Amino acid sequence: MATKAKRPKVDDGPELDPLQNFLQWCHRVGLDLSNKVCVSKEGTVAEYGMLAKDNIEEGEVLFTIPRSALLHQETTKVSALLEKEKPCLESSSGWVPLLLALLYEYTSPQSHWKPYLSLWTDFKTLDHPMFWSKEERDRLLSGTGIPEAVDTDLANIQREYSDVVLPFITKHRDVWNPDTHTLELYTQLVAFVMAYSFQEPQEEDDDESDDDEEEEEEVKAPNPPMMVPMADMLNHVSKHNANLEFTLDSLKMVCVRPISKGEEVFNTYGQMANWQLLHMYGFTEPHPSNSNDTADIPITNIYEVAARAAGCDLGRRLLEEQWEMLCQMMQEKAAVVFGKQGCLTDTELHTVLKVLCMSEEEFSEFKANEGWEEDEEDEISLAFSNEGLPRLKASWKRLLHEAARLTLRSYGDWAEGVDSRQALTEDAVALGGLSSRQQNALQVRCGQQSILHRLMELTKS
């Protein structure tokens, strides 16, 4: 089954086709597109994509975008105002300047980027879970982590708009209009930035002096996102064949492995599990092709399993002490993460299992020593890989096994008659009867559940 389209539908009216209009604009702004590729709506996994018109060798440049064609807070027509008011535009996301630029450019008939932004005639067609009803999110995506992430997003967006954006645009009514630049449009543009923007990699500082080693290391803020016309036309797969490179004057999409004529050109959005792809981009990769899929086990589930087996009052009191200490140690680590080859947060998992399985004597010694002599990282990594999991201590395996079982119960069963572990490979009829949202939810659930079932197999007694 092909990946669900993340591209919104385009209204092809009687005027010049939006895609042709965009390609003409690309030529005008100096965007150099190789004659070996073309942008197409046919033969791609989504509404738009890029196809190879000829065989392409590794290292060939597919297109070059001058930095003047990028859309961000320094290139927009209102850049001077955004720079002048920079102190009052600070927010936790760091996206407000770009979003204000997009609010202006998207609604300005004279915008330099109009042919580019006109490809998205109605942002409502972006199908991120943030645009689903809460009931639908909770029903289809229970257990995946997405409903909780979306609830956080929506609360942050509303707070950012009311506390930062609305006071600013109200102050500058000659440029923005609160009746036009609404919370609804702002939310749509947040989804647009989530799905289509790029961030320039942070430059590494090679001039660090040894004299500064004892000083607290300064944490650099990530570069703000920017819109990169043409680069955002490429779709994503984990086994991509092209990559965006940043130079002083331009950005280049470079082929990273040979592409045959007729194949689609795929970029990568990073090592993204299907739940992250659906949350941020509104699409999923077909199961089981996403090599970056993950499944979370809440640490509270491990504790709950341990509590059930605690038995006597003495055991329960000990467990409560251990849990209290773990909560202090783990800080915001609310879950351990498993990938297809084992645990990706093995140090955290090692800590949880070791503390919860301590005897009273071991825990007393642990508190007296203010910790333990840590095992080698390589040993921990091996112990929690698929190869090492069957050889764990019996008590550790039991906790993991039952915690995985408990986590599986949180997914619910919304697709009547469809076994999510089998439907994607064996029940095409049942799958075909599902909506695109149900199918995307099923891709996420199936990937996560398969990892948890594998973990249960590896830790069974």
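Throughout these legends, a residue is called buried if its relative accessible area is under 20%, exposed if that area is over 50%, and partly exposed in between, using a 1.4 Å probe and protein chains only. The model shown is predicted, so that local features need pLDDT of at least 70 and side-chain atom pairs count only at pLDDT 80 or more, while totals for chains, interfaces and linings use all residues. Residues are numbered from 1 along each chain as its sequence is written, and side-chain values use heavy atoms, with hydrogens and water left out.

View 1. Phe 384 is buried, as is Trp 396. Rings of Phe, Tyr and Trp (for Trp, the six-membered ring) pair if their centres lie within 6.5 Å, and planes under 30 degrees apart count as stacked, over 60 as edge-to-face and the rest as tilted. Helices (H or I, at least four residues) and strands (E, at least two) are DSSP runs, numbered from the N terminus. With buried Phe 363, at 2% relative accessible area, set aside for the next view, the rings of Phe 384 and Trp 396 have centres 6.3 Å apart and planes at 5 degrees, so this pair is stacked. The pair links distant parts of the chain, since Phe 384 lies in the loop between helix H13 (377–383) and helix H14 (394–408), whereas Trp 396, twelve residues apart from it, lies in helix H14.

**View 2. Phe 363 and Phe 366 in helix H12.** The whole structure contains 14 aromatic pairs. In one of them, the ring centres of Phe 363 and Phe 366 are 6.2 Å apart and the planes are at 20 degrees, so the rings are stacked. Both residues belong to helix H12 (residues 360–368), where they are three residues apart, about one turn of the helix. Phe 366 has a relative accessibility of 6% and therefore counts as buried.

**View 3. The largest nonpolar core around Trp 176.** A nonpolar core is a set of buried Ala, Val, Leu, Ile, Met, Phe, Trp, Tyr and Cys residues joined through side-chain atoms within 4.5 Å. The largest such core has 85 residues, of which Phe 63, Leu 100, Trp 176 and Phe 192 touch the most other members. Helix H7 (residues 183–196) gives the largest share of this core, ten residues. Contact means heavy atoms within 4.5 Å; leaving aside neighbours within four places in sequence, Trp 176 is in contact with residues including Val 78, Leu 100, Tyr 104, Phe 168 and His 181.

View 4. Six of the eight residues of helix H8 (residues 274–281) are buried, so the helix is largely enclosed by the rest of the structure. Among these buried residues are Trp 275, Leu 278 and Tyr 281, and the buried residues of H8 pack against helix H5 (134–141), helix H6 (146–171), H7, E7 and helix H17 (436–458). Just after H8, Gly 282 adopts a positive phi of about 85 degrees.

**View 5. Strand E10 between E3 and E7.** Strands pair if DSSP finds at least two bridges between them. Two bridges join E10 to strand E3 (residues 49–52), in an antiparallel arrangement, and two join E10 to strand E7 (residues 235–236), in a parallel one. Glu 264 of E10 is the bridge partner of Leu 51, and Asn 267 of E10 that of His 236.
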